[in-house]
Amino acid sequence: MADFDHSNKGHDHTHPHPLQADHAEPQTREQFLGLALNALLVEKGIYEPEDIQRTIEGIEMVAPETHGARVVARAWVDPDFKVALLADGFAAVKSLGLDPGYAELTVLENTPNVHNVVVCTLCSCYPRSLLGRPPAWYKSGEYRARTVREPRAVLQEFGVAINDDKEVRVHDSNAELRYIVMPERPAGTEDWNEDALAALVTRDCMIGVAVPKIRTHNSKL
Amino acid sequence: MNAGQRYDLGDRVRIDDRREPRHHRTPAFVKGQTGIVTRVCMDQAKPEDVAYFTMNGPRVPVYRIRMMQCDLWPDYTGKPDDTLDIEMHGHWLQPA
Amino acid sequence: MTQPVDPIGPHDIGGHIDRDHGGAVDRAEHDYAHWERLVDAIIYVLRDKDVMNDAAQLRVGIETLGDDAYARMTYYERWAASTAAACINKGIITQTELDAKIDTLMAEKGLTP
């Protein structure tokens, strides 16, 4: 399982994913602009460096495994919670002690008849309070342009084939609503505990570009 | 412009295709398209206002509108039942 | 579509697969560089401090960068530029101050501004 923990461990820069080569250290004026802006805003007393540090730390504490996946796993095991979640995602997530974000949260249930996938064509709106920062591909021109128009082809590239008799429903997240997809609970997990179930629900499942997979050698029962 | 009109679940609506020089959140590919209201969401401030720091403008209803992909794209290569849902602020909608 | 509708701006690309965005989705995962995390955080802090109150105020700055700039710049470069423009418009900083600070920071790293 990929490790999404990006917390800054002092000077230990062991990252699970490489930094994009041309982004790692700022080189150009455009890349220094953010650093310059930060320096000026601190100089002018708009905020303190601690405000930035605290914000980054708060952002990095949110991961799909510990946040979004918990919501889905709870809905899988608790039918009353699932009903509440589908009716009012914001309130239901709050009831778990999690931050639903500042926008209206809608949970999209995958069923035998419908597969949901989420995109923001205009920018990159994403349920950050449950999934952390979006992956670069979610913000890419290709994902934003193609998912609304040829979703099945995009899903195929991500390794998901949807049957002909199942509807693909694309959600363009363009106002102050945020979405996560609740994937279908895989068969054979009826006796699994919540932690094991949550481990099946990846970030990509909750965007809608993956479905939960039970590894045949999975020893997480 | 019927900013004040309220729609109900199941209402058929058309998304305006008017020109709007200000910031707005109606993508080109849905302008002029028709769909069904599938959810009534919370009222929101208009993006046309808040983008320019007008925070006390009138709030408008927001709806989720469902459209058929075959209607949106003449060359759609998916399946006939495939759909697309998008949020739409009330001031961008007319009855269809 | 019965008739083509003009995009709002360079960001309005839903369905535009016959322009630049018809290729495969690049799924490579990357950690965010420190300067990108910083830009990301600045936006939240400015909202906490009521300097900004809505993401729309920053989206509009990105949408009006111009087609070439939008295409050329990366995601957080666009956010940084938009946030800086908003701060300049609000009179918090000036373009001159910003340019000078960029020059200084680049020189400190031995880079030619």
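These exercises work through the chains, interfaces and salt bridges of a predicted model.

**Exercise 1. Describe the build of chain A: how many helices and strands does it have, and in what pattern?**

Step 1. Count the elements. Chain A has ten helices and four strands.

Step 2. Along the sequence the pattern reads α-α-α-α-α-β-β-α-α-α-β-β-α-α.

Step 3. Check burial. Of the 221 residues in chain A, 57% are buried.

Step 4. Look at the contacts. Take those between residues at least 6 apart in sequence; 66% of them join residues at least 24 apart.

Step 5. Chain A exposes about 9500 Å². Carbon and sulfur atoms supply 52% of that area.

**Exercise 2. Characterise the interface of chain C and chain A: how many residues are in contact, and how much area do the two chains bury?**

Step 1. Count residues. On the chain C side, 64 residues are in contact with 63 residues of chain A.

Step 2. Find the area. The two chains bury about 5900 Å² between them, with 62% of it on carbon and sulfur atoms.

Step 3. Name the leading residues of chain C. Glu29(C), Asp31(C) and Arg37(C) lose the most area to chain A. Together they give 12% of what that side buries.

Step 4. Count the charged and polar links. There are ten salt bridges between chain C and chain A. Residue pairs in polar contact number 22, both partners being at pLDDT 80 or more.

Step 5. Locate the helices. H1 (34-48), H3 (67-72), H4 (75-89) and H5 (95-108) of chain C each supply at least two residues of the side that touches chain A. The largest share, 13 residues, comes from H1(C).

Step 6. Sort this side of chain C by residue type. It divides into 33 nonpolar, eleven polar and 20 charged residues.

**Exercise 3. Follow Arg128(A): which residue of chain C does it bridge to, and which network does it belong to?**

Step 1. Find the partner. Arg128(A) forms a salt bridge with Asp40(C), and their closest N and O atoms are 2.7 Å apart.

Step 2. Widen the view. A network of salt bridges links Glu60(A), Arg128(A), Arg133(A), Arg37(C) and Asp40(C).

Step 3. Connect this to the interface. Arg37(C), a member of the network, is also one of the residues of chain C that lose the most area to chain A.

**Exercise 4. Examine two salt bridges between chain A and chain B: where do their residues lie, and are they buried or exposed?**

Step 1. Start with Arg152(A) and Asp82(B). Their closest N and O atoms are 2.8 Å apart.

Step 2. Arg152(A) is in helix H8 (residues 151-157) of chain A, while Asp82(B) is in the loop between helix H2 (69-72) and strand S4 (83-89) of chain B. Both residues are buried.

Step 3. Take Lys79(B) and Asp164(A). Their side chains meet at 3.6 Å, N to O.

Step 4. Lys79(B) lies in the loop between H2 and S4 of chain B, and Asp164(A) in the loop between H8 and strand S3 (167-172) of chain A, so the bridge joins two chains.

Step 5. Classify each residue. Lys79(B) has 26% relative accessibility, so it counts as partly exposed. Asp164(A) has 58%, so it counts as exposed.

Technical notes: Residues numbered from 1 in each chain as written. Chains lettered and ligands numbered in written order. Predicted model: local features only at pLDDT ≥ 70, side-chain atom pairs only at ≥ 80, totals over all residues. Heavy atoms only, no water. Buried < 20%, exposed > 50% of the residue type's maximum accessible area, 1.4 Å probe, protein only. Contact = heavy atoms within 4.5 Å. Areas by Shrake-Rupley, 256 points an atom, 1.4 Å probe, with all protein chains shown as cover. Buried area = accessible area lost by both parts, 1.4 Å probe. Salt bridge = Lys/Arg side-chain N within 4 Å of Asp/Glu carboxyl O. Polar contact = N/O pair within 3.5 Å; in protein donor to acceptor, adjacent residues only side chain to side chain. Nonpolar A, V, L, I, M, F, W, Y, C, P; charged D, E, K, R; others polar.
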